[in-house]
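Work through the exercises below with the sequence and the model side by side. Each task is followed by a solution in steps.

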Amino acid sequence: MVLSMTGYGRAEQVLNGRDIVVELRSVNSRFFEYSSRVPRTCSFLEDKLKKLVAAKVSRGKVELNLSIQNVAAADTVVQVNWQLAKSYQTAMQAMSEKLDLKNDVTVSTICRFPDVLTQTAAPADPDTLWADVEQVAQQAIAAFVSMRAVEGEKLRTDVLNRLATIETLVAQIEQNSAGRVQAYTERLYTRLKELLEDRNIDDARIVTEAAIFADKTAIDEETVRLHSHVAQYRSILELDEPVGRKLDFLTQELNRESNTIGSKCQDINITRLVVELKSEIEKIREQIQNIE
């Protein structure tokens, strides 16, 4: 299965009084690069999350965002500042006696003063928290991989179509190449006849020159290798593993063979076909930069 290096995945669940959100996004990269943003109190989860992602991603620059919000009172601890509360009570008692006023202080009165009551989050059990985060992260990763697979299939289809075009162009090059030695021989004979006029033409010399020309401009090996590379390309696209690096190398080989054909053949029709061939190879090269 071909996977794109670009993708996005998100999952959210409320577990044990916590609203947990995990988001992943990725862009192209030659290697696997990972970065994350997690709450400061959950920094111990970073390595665990990285291992989860690395198990599914081999190439690409991946960014993970983790958000955790408490939504249940069970995770909140209310603490009383007893010393401050006692100070407020003493002060209000003194005011009552000094001003000869009724002392109607109640608990609710003292609670309304600043900093008498404070709320803090109860310490979460690391194992329980990780179990919850892992569950949400796995869902986000599944969505992330699914999107990369959809994009990868589009890339695969486009590359296969271009490979078919390449095969057609190579076949046309072979067809044009088949008669070029005969055409060269005829041009050489005609040219010599014009130059020598009435003198006899050495047929053996023409045959020798034609043979030299044929040897210098032979492209059979290059076209055979191109067909072989295309077949190998298709096989690699069917592998159930990351294939981007293999395809990158094979694309270089396709380009190398097309360059060799272009340098050997001066025929205008073959030159035009080689230009089209190189254009298709370049489009494939651009596409596989997105493949894991």
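**Exercise 1: overall make-up**

How many helices and how many strands does the secondary structure of the protein have?

Solution. The model is a predicted one. Its secondary structure consists of nine helices and six strands. Next, take the burial of residues: the protein has 292 residues, and 34% of them count as buried. The accessible surface is about 17500 Å², with 51% of that area belonging to carbon and sulfur atoms. Last, take the contacts between residues at least 6 apart in sequence: 79% of these join residues at least 24 apart.

**Exercise 2: helix 7 against helix 8**

Find how helix 7 and helix 8 are oriented relative to each other, and which residues make the contact.

Solution. Step one is the geometry: the axes of the two helices come within 10 Å and cross at roughly 160°. Angles over 145 degrees count as roughly antiparallel, so helix 7 is roughly antiparallel to helix 8. The crossing of helix 7 and helix 8 is left-handed.

Step two is the list of residues. Helix 7 contributes E222, T223, R225, L226, H229, V230, Q232, Y233, I236 and L237. From helix 8 come K246, L247, L250, T251, E253, L254, E257, T260, I261 and K264.

Step three is to sort them by class: nine are nonpolar, five polar and six charged.

**Exercise 3: helix 8 against helix 9**

Describe how helix 8 packs with helix 9, starting from the angle and the distance of the axes.

Solution. Helix 8 covers residues 244-264 and helix 9 covers residues 268-288. They pack at an angle of about 165°, and their axes are 10 Å apart. This angle makes helix 8 roughly antiparallel to helix 9. Helix 8 passes helix 9 in a left-handed crossing.

On the side of helix 8, the contact is made by L247, D248, T251, L254, N255, S258, N259, I261 and G262. On the side of helix 9, the residues are I270, V274, L277, K278, I281, I284, R285 and I288. By class, the contact has nine nonpolar, five polar and three charged residues.

**Exercise 4: positive phi in two loops**

Where in the chain are N16 and D115, and what is phi in each?

Solution. N16 is in the loop between strand 1 (7-15) and strand 2 (18-27). Phi of N16 is near 50°, which is positive in a residue other than glycine.

D115 is in the loop between helix 3 (107-111) and strand 6 (117-121). Phi of D115 is near 70°, again a positive value in a residue other than glycine.

Note on methods
Residues are numbered from 1 along each chain as its sequence is written. This is a predicted model: local features need pLDDT of at least 70, side-chain atom pairs count only at pLDDT 80 or more; totals for chains, interfaces and linings use all residues. Side-chain values use heavy atoms; hydrogens and water are left out. Helices (H or I, at least four residues) and strands (E, at least two) are DSSP runs, numbered from the N terminus. Buried means under 20% relative accessible area, exposed over 50%, partly exposed in between (1.4 Å probe, protein chains only). Contact means heavy atoms within 4.5 Å. Accessible areas come from the Shrake-Rupley method with a 1.4 Å probe; for residues, only the protein chains shown count as cover. Axes are lines fitted to C-alpha atoms, for helices over the stretch in contact, and angles run from 0 to 180 degrees between N-to-C directions. Angles under 35 degrees count as roughly parallel, over 145 as roughly antiparallel, 65 to 115 as roughly perpendicular and the rest as oblique. A crossing is left-handed if the near helix is turned anticlockwise from the far one by less than a right angle, and right-handed if clockwise. Ala, Val, Leu, Ile, Met, Phe, Trp, Tyr, Cys and Pro count as nonpolar, Asp, Glu, Lys and Arg as charged, and the others, Gly among them, as polar.
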